[in-house]
Amino acid sequence: MGYLETYTNSLNNPSLAASIKKTAKEVADNVESQFDFSGQLTGLLLGNVQSGKTGQMLGVISDLADKGFRVFILLTTDNVDLQRQTYNRVKDALTTFTVLSESDVVSFNPQNLLKPIVIVLKKNTSVLRKWGNLLASSQLNTGLCLCIFDDEADAASLNTLVNKNRTSTINKHLQKIKETASSSLYFEVTATPQSIILQSIVSGWKPAFINYFKPGEAYWGGNFFYSNPTSYCIRFTSENELEEISEEGDILCPEGLRKSIMSFLVVCAYKRIKGETNCNFMIHPSIRIAIHNKFTECVQEYLNLLQQSTSDAGFIEQLKEAWSDLQQTKPDLTHYDDIYEQVIDILDNTLICVIPLNSKSFICRDSNNPDALDLSKGFNIVVGGNTLGRGITFPHLQTVYYCRSSKTPQADTFWQHSRIFGYDREKELVRIYIPHTLHSLFVSLNEANEILIKQIENGIDNVQIIYPEGIKPTRKNVLDNKYLNMIVGGVNMFASNPISRYTQDIDDIVDAYTNSEYVDVPAELLINILGKTGSDIQSDFDSKKYIACIKALQEKRPTIKCRLIVRVNRDISKGTGTLLSPTDRKLGDKFNDDITLTIYRVNGSVNKGWEGIPIWIPNIKFPDGICFYDITE
């Protein structure tokens with residue numbers, strides 16, 4: 001029995017096994033068609049947040065082992081608990097492999113490969129240096145191909161010094177490891193690929209192919225939690241609750257936080273009645289540890305207050321309000337009286353554990369304790385910041401309180417905060433407490449994510465990353481400014497050096513519109529015209545990119561209007577800017593929410609600087625408040 005068959009049989013889940021086999025085949029097809037065993041090939045494995053990317057990754061490793069590949073490195077983020085968690089999972093799952101941890105240096109012997117080897121390493125400078133030297137000295141380059149799977153590849157692997165003409169340490173060590181073998185396959189694995197897709201080809205980190213694996217049927221993600229219209233699980237809070245707790249003086253528990261705690265108590269009581277022993281609540285207020293401590297103190301004080309007031313009318317009223325709210329979406333919720341008794345017992349026996357989880361608490365945990373970060377046990381309220389963004393798995397996460405804000409939010413960072421996504425949530429009892437502004441942000445991020453996935457499923461050429469103005473796709477320090485191309489809505493973009501070879505074709509297309517002030521046309525007509533216009537200099541007016549932008553906007557806004565303005569017999573000098581008349585500029589500015597293509601048929605007189613033949617000059621403007629990002633190679 002092959003490695004892939006052995007692995008998928010161990011899952012006891014036919015649907016998941018079929019999905020993993022499908023992913024493995026698609027990846028293998030890309031490798032077979034593009035890899036020649038003489039250099040380096042980079043691919044992107046794209047999944048959804050907490051959708052089971054690790055399981056899919058292990059399936060690809062197993063399939064590659066069936067095809068003769070023998071040495072695999074699996075990289076995790078620089079976190080002791082996560083590295084150990086991943087190592088244990090790989091060891092339990094790939095029972096027919098030799099699985100090594102980063103400390104198993106003496107066990108590594110590439111000369112004895114009766115079984116394929118998987119080495120699980122942190123992306124840590126000393127770890128990567130040590131294993132880079134070991135791989136180089138082991139003569140791995142005598143013919144073996146090295147397969148590297150970089151989990152959360154967008155988080156720490158890319159060159160953060162690209163605009164300073166230097167190489168950051170982690171990126172340098174990863175490149176060295178790739179070069180220790182005569183050939184290598186490098187798989188970037190993530191749910192937030194913005195920074196990877198926006199890499200330039202010359203960087204060496206842009207993927208040659210992308211494989212997207214869909215989540216399973218029981219997965220609940222952005223289309224459920226951050227839908228438009230608003231999901232039933234959303235409960236809006238005041239915009240200033242973060243400020244209320246951040247202020248100096250006594251810490252008072254704001255209304256939204258109080259309601260979220262009461263909701264969580266009801267869910268814990270229900271779980272307990274069902275005989276379940278685990279339920280989690282995530283509070284994500286800020287990146288600042290001082291704020292985490294204040295929230296932790298606030299929650300603990302409120303729980304203590306509740307413990308002392310379970311017979312008060314106010315407590316009974318608030319608990320019943322929380323129970324009634326949850327019963328709206330789960331009509332068979334256990335009777336209130338039974339819930340009330342369980343909540344009293346939970347509070348009296350202090351069964352709710354409040355856990356601050358940040359860089360300080362994370363580092364101070366006992367690394368020899370396998371249960372240090374085990375959130376699969378008990379009823380937990382976890383308070384934190386960046387450490388809640390990647391890697392940490394929240395089983396049975398039912399309640400989220402989110403109030404972290406940013407003046408210029410970064411799409412990939414904020415999307416990774418969606419730890420509520422997953423498989424084991426009881427969706428009728430999920431509640432997200434969040435301000436209106438942040439909810440709108442996540443709805444926009446979900447829309448952008450869906451558009452990106454649809455584009456990727458159609459191929460990686462001309463993929464556009466599209467966000468509302470004010471949202472950055474990723475951090476600036478990993479994007480090469482020499483190649484980054486941003487198209488901003490509300491700006492007229494025109495061809496300074498227009499092409500002339502399709503003049504007659506465009507004449508035929510627009511003949512019916514030459515006497516109109518403007519016309520509403522199908523997007524396909526704009527795309528057809530743009531395909532026959534452009535510039536002799538690609539960076540001047542890249543029709544292909546504008547066509548990709550139109551298609552991306554169609555996905556985002558299916559009802560978006562496309563306006564066409566046609567003007568003929570223009571006797572304009574070359575090099576006079578956008579060429580738009582004041583009247584036409586004013587007309588185009590009326591359509592702030594639409595795509596507007598204005599095309600002028602210029603006579604092309606020699607005395608005006610042209611070549612003596614008529615020529616069509618395009619000018620395109622996208623809706624206000626939209627930004628498109630891609631890379632110009």
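**Helix packing and aromatic contacts in the predicted model**

T437 is located in helix α17, which spans residues 436-457; helices (H or I, at least four residues) and strands (E, at least two) are DSSP runs, numbered from the N terminus. The structure is a predicted model, in which local features need pLDDT of at least 70 and side-chain atom pairs count only at pLDDT 80 or more, while totals for chains, interfaces and linings use all residues. Residues are numbered from 1 along each chain as its sequence is written, and side-chain values use heavy atoms, with hydrogens and water left out.

T437 has a relative accessible area of 49% and is therefore partly exposed (buried means under 20% relative accessible area, exposed over 50%, and partly exposed in between, with a 1.4 Å probe and protein chains only). Its C-alpha atom is separated by 9.9 Å from that of S238, a residue 199 places apart from T437 along the chain. N30, in helix α2 (residues 14-34), is buried at a relative accessible area of 18%. When residues up to four places away in sequence are not counted, N30 touches F209 and N211, contact being defined as heavy atoms within 4.5 Å.

Two helix pairs were examined. The axes of α19 (residues 523-530) and α20 (residues 543-556) come within 9 Å and cross at roughly 170°, which makes α19 roughly antiparallel to α20. Axes are lines fitted to C-alpha atoms, for helices over the stretch in contact, and angles run from 0 to 180 degrees between N-to-C directions. Angles under 35 degrees count as roughly parallel, over 145 as roughly antiparallel, 65 to 115 as roughly perpendicular and the rest as oblique. On the α19 side, A523, E524, L526, I527 and L530 meet S543, Y546, I547, I550, K551 and Q554 of α20. This contact comprises seven nonpolar, two polar and two charged residues (Ala, Val, Leu, Ile, Met, Phe, Trp, Tyr, Cys and Pro count as nonpolar, Asp, Glu, Lys and Arg as charged, and the others, Gly among them, as polar).

In the second pair, the axes of α11 (residues 255-273) and α14 (residues 336-348) come within 8 Å and cross at roughly 100°, so α11 is roughly perpendicular to α14. Residues of α11 in the contact include L265, V266 and Y270, and those of α14 include I339, V343 and L347. By class, ten nonpolar, one polar and three charged residues take part.

Aromatic rings of Phe, Tyr and Trp (its six-membered ring) pair if their centres lie within 6.5 Å; planes under 30 degrees apart count as stacked, over 60 as edge-to-face and the rest as tilted. The count by this rule is 30 aromatic pairs. The ring centres of W220 and F224 are 5.2 Å apart with planes at 55°, so this pair is tilted. W220 is partly exposed at 24% relative accessibility, whereas F224 is buried at 15%. The pair of Y546 and F622 is also tilted, at 6.3 Å centre to centre and 45° between the planes. Its members are 76 residues apart, Y546 in helix α20 and F622 in the loop between β20 (615-621) and β21 (626-631). Y546 is buried at 8% relative accessibility, and F622 is buried at 0%. One aromatic cluster is formed by W220, F224, F225, Y226, Y232, Y402, F414, W415, F421 and F442.

K178 lies over the face of Y186, at 5.1 Å from the ring centre, and over the face of W205, at 3.8 Å from the ring centre. A charge sits over a ring if NZ of Lys or CZ of Arg is within 6 Å of the ring centre and within 35 degrees of the ring normal.
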